[in-house]
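Here are my notes on the two-chain model you sent over.

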Amino acid sequence: MDWRSILTPRAPIPRSFQICLGLGGFAAVLFLWWVVTSLGLIQPFFLPRPDQVLRAGYELFAELDFLADIWASTYRILLGFLVASLLGVPLGLLMGTFRAAEAFFEPLVGFVRYMPASAFIPLFILWLGIGDLEKVAIIFVGSFFQLALMVTVVARAVPMEILETAYTLGASRFQVILKVLLPASMPGMLDTLRIIMGWAWTYIIVAELVASEAGLGYRILNSQRLLQTGNIIFSIITIGVLGLLTDLGFKWLQRKLFPWTE
Amino acid sequence: MNSVRLRVEGLSKSFRSHGAEVTALEGIQMEIRDQEFATILGPSGCGKSTLLRILAGLSRPSAGSATLDGRIIEGPGKDRGMVFQNYTLFPWLTVMENIQFGLRLSGREKSECEAVARGFVQKIGLSGFERAYPRSLSGGMKQRVAIARALANDPNILLLDEPFGALDTQTRSLMQELLLQIWEELHKTILFVTHDVEEAVFLSDRIFVMTARPGRIKAVLEVPLSRPRDYQVKGSPEFLRIKTEVSRLIREESIRALSSSMMEPRTQEG
């Protein structure tokens, strides 16, 4: 390869080189981590060595049923996300399609959107206790309003001209919604779901940190109380990996379901 | 002489823009005959697209009326096919599915729709692209599919709003020939909007020249060139004579349109 391309603005680089650099970024952080901890520059209490974190992870799985924690969080997210999607997607479509629906709902939804989901935690604990229902409610509040607004934008972005084309081909208003607006909005809606799912992970951890009996957030808080820094770090990395996997899953689904997108 | 298909009587359209009343169309009077290829030619901003949108039923006139086969146009319908300048294929449907869209809406048998669509794929020269999505088609191919999609519905009139406006000169020329070929084969009535003089002369039986805003019909010209026509006719003396005549008419209007648009920021009325 031509080494000058590295220092040429926006010049393309070979794919293999790109992958190496991507992995190199991870390796560099890992190496730095290993160096500062091995040389004793940072006490293990604040930051354990990478291998100690790995060991903590093994113990989490082997002794503390970490899998159950992962499942507890995942289950809550899926449930809250499902309910938010089932209600938010139709509402968003409605707002993006009918001006009257938009006029009625948008100010309301736009207002609630600015209330942070985490601020509802004390209220929901009061109403619903600290079980799954409260967590699901937090996910719902955090996702539903954003979701509805983002789907509204997606539906509104469908070009007027393709709706008009459908009319000139003999489509009724109902057919225009069903056969044009809906399929045209699909990829944008799936992308919205992907983004919202990322936020849902943040909400669940906050909710579990405040009050919980299981879940990744609970595990992190519990580890802090017992001064098990390795467990905290391993849990955080786990959340990152789960988020990454969900994201890749959505992108895969996007390619499978909508091969026609640009 | 063929009977009248489309009749436009005293049609006007005005709308409010920035608080001022703008007259886009004024007293439009025209008759399009059965199986005729008619063109509306005008400078940009003269309201020719507005007129076509009213005929398609996508916009309402402020006064006057338009009738197709004696029925007043009150909304969009499949008796009028429409092709827009912008690419309006449904991106989630393949070429075949796009062409069948209108037929399937009317609940016709699937195999029947497919047969019709396959015939059109051949007519527009896209065999082999039946299952391609619009994203993989060139601009010219997309417009061919759009024309086939409108024609598959078997409309009484085909309305085309600068359909080749976004294409390069060579593609455009080929598309014009293809359109003429299809028109001659299917005996359709076509109303074509353009600002390109050569295009109008090459395609039309008659040209309706429009004035700059407010749009009125300035002149109606017969194009006596023989049919069928191919690109070579564009070099004939007869063609050039007509083109010069039409150019002169349209040039006056373009100058008017240009000078009025330059004055617009300072004047209150439209």
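1. Let's start with a helix pair in chain B. Helix α2 (residues 95-105) of chain B packs against helix α4 (residues 139-152) of chain B at an angle of about 30°, and their axes are 7 Å apart. So α2(B) counts as roughly parallel to α4(B) (angles under 35 degrees are called roughly parallel, over 145 roughly antiparallel, 65 to 115 roughly perpendicular and the rest oblique). The crossing of α2(B) past α4(B) is right-handed, meaning that the near helix is turned clockwise from the far one by less than a right angle. Axes here are lines fitted to C-alpha atoms, for helices over the stretch in contact, with angles from 0 to 180 degrees between N-to-C directions.

2. Which residues of α2(B) and α4(B) make the contact? From α2(B) they are Val95(B), Asn98(B), Ile99(B), Gln100(B), Phe101(B), Gly102(B) and Leu103(B), and from α4(B) Val145(B), Ala148(B), Arg149(B) and Ala152(B). Contact means C-beta atoms, placed from the backbone, within 7 Å. Sorted by class, that contact has 7 nonpolar, 3 polar and 1 charged residues (Ala, Val, Leu, Ile, Met, Phe, Trp, Tyr, Cys and Pro are nonpolar, Asp, Glu, Lys and Arg charged, and the others, Gly among them, polar).

3. A word on conventions. This is a predicted model, where local features need pLDDT of at least 70 and side-chain atom pairs count only at pLDDT 80 or more, while totals for chains, interfaces and linings use all residues. Residues are numbered from 1 along each chain as its sequence is written, with chains lettered from A and ligands numbered from 1 in the order in which they are written.

4. Chain B has 7 helices and 10 strands (DSSP runs numbered from the N terminus: helices are H or I with at least four residues, strands E with at least two). One of its sheets is open and has 6 strands, in the order β6-β7-β8-β3-β9-β10, with mixed pairing; strands pair if DSSP finds at least two bridges between them. At the edges sit β6 (80-83) and β10 (217-222) of chain B, each pairing on one side only. From one strand to the next, the twist averages 15°.

5. Inside that sheet, β7 (residues 157-161) and β8 (residues 189-194) of chain B run parallel and are joined by 5 bridges. Leu160(B) has Phe192(B) in β8(B) as its bridge partner. Back to α4(B): this helix lies across β6 and β7 of chain B, at about 170° to β6(B).

6. The other sheet to look at is an open, antiparallel one of 4 strands in chain B, ordered β2-β1-β4-β5. Its edges are β2 (20-33) and β5 (71-72) of chain B; each has a single partner strand, so one side of each is left without a neighbour in the sheet.

7. Strand β1 (residues 4-17) of chain B pairs with β2(B) over 10 bridges, antiparallel, and Arg16(B) stands opposite Glu21(B) in β2(B). β1(B) is also joined to β4(B) by 5 antiparallel bridges, with Ser12(B) opposite Ala63(B). β4(B) and β5(B) share 2 bridges, Thr67(B) being partnered by Ile72(B). These two strands make a hairpin with 2 residues between them, and Asp69(B) in the turn has a positive phi of about 50°.

8. Do have a look at α1 (residues 48-56) of chain B, as it turns up against strands from both sheets. This helix lies across β1, β2 and β4 (63-68) of chain B, at about 65° to β2(B). α1(B) also lies across β3 (37-41), β6, β7, β8 and β9 (206-210) of chain B, at about 150° to β7(B).

9. Chain A has 10 helices and 0 strands. Its radius of gyration is 23 Å, whereas a compact globule of 262 residues would be near 18 Å (taken over C-alpha atoms; the globule rule is 2.2 Å times the number of residues to the power 0.38). Its C-alpha atoms fill a box of roughly 75 × 65 × 30 Å along the principal axes.

10. Finally, the interface: 15 residues of chain A are in contact with 21 residues of chain B. On the chain A side, α7 (160-168) and α8 (173-210) each supply at least two residues, and α7(A) gives the largest share, 6 residues. By class, the chain A side has 8 nonpolar, 4 polar and 3 charged residues.

Technical notes. Two residues are in contact if their C-beta atoms, placed from the backbone, lie within 7 Å.
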